[in-house]
Amino acid sequence: MAMRGSPLTPEFKRAIVLLKDDCDRTKDDWRERACSRTERAAKALGVGLATVKRVMAASPRSPSVVERGESLRRGRPPRAIAEALQTRTRDAVRQAHREGSHSTLALLAEHRQKEGADPNFSLRTLGRTLERWGCTFGKGTRSQPLKEKDHVGAARQRSRRAKRANRPGDGVIRPEGSVEESSVNKNHSHDFIWYADAEGPGGQKPTGKGERLIMIHAMTQNGWIPGAPLPFQSTQKTGDYHGQMHHDLFTKWFPEQLLPHRPKHALMLLDNAPYHTVLSHHSAPTATCKKDRISAWLRKNGIPVSDECLKAAWVEMLATLAPPPLYALDELAAAQGHAI
């Protein structure tokens, strides 16, 4: 096998070193002379005797077998797509999933070619490789990812600015409290209990959850506000507590139990539940109001409107002409002389 003028492979260089070391080691050893040349070659190169015989037997029939090298390997042939591309290919699939775009075999193959990968493989081979790498070809979803609306983000920023304005430094200007509503079943308990192995689980639990109890309460950093709790039994056995809460019930509890017992000048924080944000009768309409109320308010303020217009056009007018909304709870608290 002529190697002059050709670069030596690492395997060939290692064979040269092994052969030279073996010659130096056995030059004065008479026992090595008794071995056959095939055995001496196997010992020198660190391979089995059968391997040397197999290579020498195949070399006269096909001299190029020594140069191919890979054909002498046993077992499965090498993969068409190198395992080194696994990380970058899976990252491309994940990135397409995060962006909400399609990740087909054709697009992935194009992506691999742009990064310099060997394009000599079929799309079916790429599909089998992706399955081997932990990917699945299945039906995708058409639902859009959750995205916050602009007015919700703006409202959250306004709320944060108001809270920071009330918290200069480590203290607060006005005491802060929060209002919560929740529900629990009468026989609510944990399914797992401790018991002695010799006696077994002797405790008996009710077969049903029992009546559903709803609680309205308020608290500050010092604890629950005395006199504010309002428990009552739900008339529905299904659904959550929101189905039993309504504006009339909340507006009865708000001035009778919360406002008289809250700390002086306390700033009460409420969430955006529907029964918290009912508009006052004196308030300008918002985008969620019905079309009749919006058109009546526009005409009342001397703004000509046509019944043929869509509601979206009237909502655009409200965004530029209507004052901030006035909520019924704010009006109720102000009527009783409580600062909001």
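Three aromatic pairs occur in the structure, which is a predicted model. Phe250 and Phe254 form one of them, a stacked pair. Their ring centres lie 6.1 Å apart, with 25° between the planes. Both residues belong to helix α10, and they are separated by about one helical turn because they are four residues apart. Phe250 is buried, as is Phe254.

Phe250 also pairs with Tyr275. This pair is tilted, at 5.8 Å centre to centre and 45° between the planes. Phe250 lies in helix α10, whereas Tyr275 lies in the loop between β5 (267–269) and α11 (291–300), so the pair ties together parts 25 residues apart in sequence. Phe250 has 0% relative accessibility and therefore counts as buried. Tyr275 is buried too, with a relative accessible area of 5%. Through ring pairs, Phe250, Trp253, Phe254 and Tyr275 are linked into a cluster.

The largest nonpolar core has 20 residues. Within this core, Phe250, Trp253, Phe254 and Leu258 touch the most other members. Two or more residues come from each of β2 (212–220), β4 (230–233), α10 (247–258) and α13 (328–335). Helix α10 gives the most, with four residues. Beyond its neighbours within four places in sequence, Phe250 is in contact with Val179, Glu181, Ile216, Met245, Leu270, Tyr275, His276 and Leu329. Another core, of 11 residues, lies apart from the largest one. Its members include Ile81, Leu108, Leu126 and Leu130.

A charge also sits over a ring: Lys291 lies over the face of Trp314, at 5.0 Å from the ring centre.

Terms used
Residues are numbered from 1 along each chain as its sequence is written. This is a predicted model: local features need pLDDT of at least 70, side-chain atom pairs count only at pLDDT 80 or more; totals for chains, interfaces and linings use all residues. Side-chain values use heavy atoms; hydrogens and water are left out. A nonpolar core is a set of buried Ala, Val, Leu, Ile, Met, Phe, Trp, Tyr and Cys residues joined through side-chain atoms within 4.5 Å. Buried means under 20% relative accessible area, exposed over 50%, partly exposed in between (1.4 Å probe, protein chains only). Contact means heavy atoms within 4.5 Å. Rings of Phe, Tyr and Trp (its six-membered ring) pair if their centres lie within 6.5 Å; planes under 30 degrees apart count as stacked, over 60 as edge-to-face and the rest as tilted. A charge sits over a ring if NZ of Lys or CZ of Arg is within 6 Å of the ring centre and within 35 degrees of the ring normal.
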